[in-house]
Amino acid sequence: MNFVETRLAKLARNGDRRAFAELVDLYKDKIYHLAYRMLHNAQEAEDVVQETFLRVYTNLNRYDDNLKFSTWIYRIGTNLCIDRLRKRRASYSLDAEVSDSEGADWYSLLPSDDRTPEGELILSETQEQVRRAVDALPEKYKSAVILRYMHDMSLQEIAEVLDMPVTTVKTRVHRGREYLREKLERDSLL
């Protein structure tokens with residue numbers, strides 16, 4: 001896959017629109033899911049996808065063929081999400097729109113054969129608890145945790161996406177996981 005993506009990127013850099021369209025097809029859903037998991041807002045996630053591909057298109061001449069294309073595009077998408085989270089935090093209000101349950105399947109961490117209304121309610125509450133805990137993660141842990149557990153990236157891949165040493169990524173994933181565990185334990189005691 002890496003060879004194909006690199007070839008497509010080279011063709012797109014030379015003006016081949018079909019090659020760029022293929023790159024968009026390969027990554028639009030992946031970048032959308034990344035953005036939705038980080039931002040919990042469908043419209044913002046769509047905006048991040050568009051902005052990511054706009055940046056990819058305008059910066060194809062700067063793409064390093066020695067770097068995996070997936071690493072490069074994930075780095076762009078992740079950085080755009082982090083920028084939005086920073087702006088959002090600066091203008092946070094108590095009247096902020098509560099995100100709907102669209103995409104909640106990501107939070108279905110507990111498999112359930114129990115389809116009773118009570119079971120569904122418990123599962124829904126658990127999903128919401130996990131969602132709130134992930135939302136509350138400090139920014140520096142959030143992207144590492146989402147890339148590790150929701151996109152199943154290796155520590156090395158995350159290090160490349162976030163442009164930091166693997167040891168730092170390992171620490172952030174560990175601390176993020178601990179933060180989640182403590183938050184979920186605290187919340188369940190209330």
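Helix 2 passes helix 3 in a right-handed crossing; a crossing is right-handed if the near helix is turned clockwise from the far one by less than a right angle, and left-handed if anticlockwise. The model is predicted: local features need pLDDT of at least 70, side-chain atom pairs count only at pLDDT 80 or more, and totals for chains, interfaces and linings use all residues. Residues are numbered from 1 along each chain as its sequence is written, and side-chain values use heavy atoms, with hydrogens and water left out.

**Overall make-up**

- The protein has eight helices and zero strands. Helices (H or I, at least four residues) and strands (E, at least two) are DSSP runs, numbered from the N terminus.
- Read from the N terminus, the elements run α-α-α-α-α-α-α-α.
- The protein has 190 residues, of which 39% count as buried. Buried means under 20% relative accessible area, exposed means over 50%, and partly exposed lies in between (1.4 Å probe, protein chains only).
- Among contacts in the protein with a separation of 6 or more, 66% come from residues 24 or more positions apart. Contact means heavy atoms within 4.5 Å.

**Helix 2 against helix 3**

- Helix 2 spans residues 17–39 and helix 3 spans residues 42–58. They pack at an angle of about 140 degrees, with their axes 8 Å apart.
- That angle makes helix 2 oblique to helix 3. Angles under 35 degrees count as roughly parallel, over 145 as roughly antiparallel, 65 to 115 as roughly perpendicular and the rest as oblique.
- Axes are lines fitted to C-alpha atoms, for helices over the stretch in contact; angles run from 0 to 180 degrees between N-to-C directions.
- On the helix 2 side, the residues in contact include Phe20, Leu23, Val24, Tyr27 and Ile31. On the helix 3 side they include Ala45, Val48, Val49, Phe53 and Tyr57.
- By class, this contact of helix 2 with helix 3 has 16 nonpolar, one polar and three charged residues. Ala, Val, Leu, Ile, Met, Phe, Trp, Tyr, Cys and Pro count as nonpolar, Asp, Glu, Lys and Arg as charged, and the others, Gly among them, as polar.
- Histidine 40 lies in the loop between helix 2 and helix 3. Histidine 40 is buried, with a relative accessible area of 6%.

**Aromatic pairs**

- A search of the whole structure finds seven aromatic pairs. Rings of Phe, Tyr and Trp (its six-membered ring) pair if their centres lie within 6.5 Å; planes under 30 degrees apart count as stacked, over 60 as edge-to-face and the rest as tilted.
- Phenylalanine 20 and tyrosine 57 have ring centres 5.0 Å apart and planes at 70 degrees, so the pair is edge-to-face.
- This pair links distant parts of the chain, with phenylalanine 20 in helix 2 and tyrosine 57 in helix 3, 37 residues apart.
- Phenylalanine 20 counts as buried at 14% relative accessibility. Tyrosine 57, at 48%, counts as partly exposed.
- Tyrosine 27 and phenylalanine 69 form a tilted aromatic pair, 5.7 Å centre to centre with 55 degrees between the planes.
- The second pair also links distant parts of the chain: tyrosine 27 is in helix 2, phenylalanine 69 in helix 4 (residues 69–90), 42 residues apart.
- Both tyrosine 27 and phenylalanine 69 are buried. Phenylalanine 69 has a relative accessible area of 0%.
- Tyr27, Tyr63, Phe69 and Trp72 form one aromatic cluster.
- The C-alpha atom of phenylalanine 69 is separated by 6.2 Å from that of glutamate 5, 64 residues apart along the chain.

**Helix 6 against helix 7**

- The axes of helix 6 (residues 139–150) and helix 7 (residues 155–162) come within 10 Å and cross at roughly 135 degrees.
- Helix 6 and helix 7 are therefore oblique to each other. Helix 6 passes helix 7 in a right-handed crossing.
- Ser143, Ala144, Leu147 and Arg148 of helix 6 meet Leu155, Ile158, Val161 and Leu162 of helix 7.
- The residues of this contact divide into six nonpolar, one polar and one charged.

**Positive phi in loops**

- Most residues other than glycine have a negative phi.
- Histidine 40 has a positive phi, near 55 degrees, and is a residue other than glycine.
- Aspartate 163 is not a glycine either, yet has a positive phi of about 55 degrees.
- Aspartate 163 sits in the loop between helix 7 and helix 8 (166–189). Aspartate 163 is exposed, with a relative accessible area of 59%.
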